[in-house]
Amino acid sequence: LTSVLLRDFTPVLVCREDNPFKKTTISTDELKQLDLVSHLTGDEMIYQRKQSLLATLKDAHIVFETNSIMMLLTLLSETDCVGFLTPEAFTRYKVLFKLRQITPLFPLQLIGVYLVYRKEMEKKPSFMQLLEAIKGS
């Protein structure tokens, strides 16, 4: 198998536009007081980053976890919960789901996005075209 780092990203903390939490920045103490929704994933690196954040937040209230990005977006837009999205998901869906960004006053870890594929796929021109298109975006 071959692994290619596509890019790194920092998660974006979001909530609905009319969330009762009106501030544009948030401390760890303030975040501990809010209800969090979380995206379930089998990705070990994302899981480790999530556990690290939860250790920092200690008493965080995760009220719902889902493996569906659409359910996560719906929960964020229809409840007073906050949660993390990729920058691309926030940019793509913020208008449709009426979301706004909250800037953490604490550091968030970068998450690496990797593409893992069989080495022999590099012999296929169509795959290499796809790989170049993905890497270029």
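**Salt bridges and burial**

In this predicted model, a salt bridge joins the side chains of Glu122 and Lys119, at 3.0 Å from N to O. Glu122 is partly exposed, with a relative accessible area of 29%.

User: How many salt bridges does a search of the whole structure find?
Analyst: The pair Glu122 and Lys119 meets in a salt bridge. Arg7 and Glu88 form a salt bridge as well. For the whole structure, the number found is seven.

User: How many residues apart in sequence are the parts tied together by Arg7 and Glu88?
Analyst: The closest N and O atoms of Arg7 and Glu88 are 2.4 Å apart. Arg7 belongs to strand β1 and Glu88 to helix α4, so the pair ties together parts separated in sequence by 81 residues.

User: Is Arg16 buried or exposed?
Analyst: Arg16 forms a salt bridge with Asp80, with the closest N and O atoms 2.1 Å apart. This pair links distant parts of the chain, with Asp80 in the loop between α3 and β6 and Arg16 in strand β2. Asp80 has a relative accessible area of 36% and is partly exposed. Because the relative accessible area of Arg16 is 15%, under the 20% cut-off, Arg16 is buried.

User: Which residues of helix α3 are buried?
Analyst: Helix α3 spans residues 69–78. The cover over its buried residues includes β2, β4, β5, β6, α4 and β7. The buried residues are Leu72, Leu73, Leu75, Leu76 and Ser77.

Key
Residues numbered from 1 in each chain as written. Predicted model: local features only at pLDDT ≥ 70, side-chain atom pairs only at ≥ 80, totals over all residues. Heavy atoms only, no water. Buried < 20%, exposed > 50% of the residue type's maximum accessible area, 1.4 Å probe, protein only. Helix = DSSP H or I, 4+ residues; strand = E, 2+ residues; numbered from the N terminus. Contact = heavy atoms within 4.5 Å. Salt bridge = Lys/Arg side-chain N within 4 Å of Asp/Glu carboxyl O.
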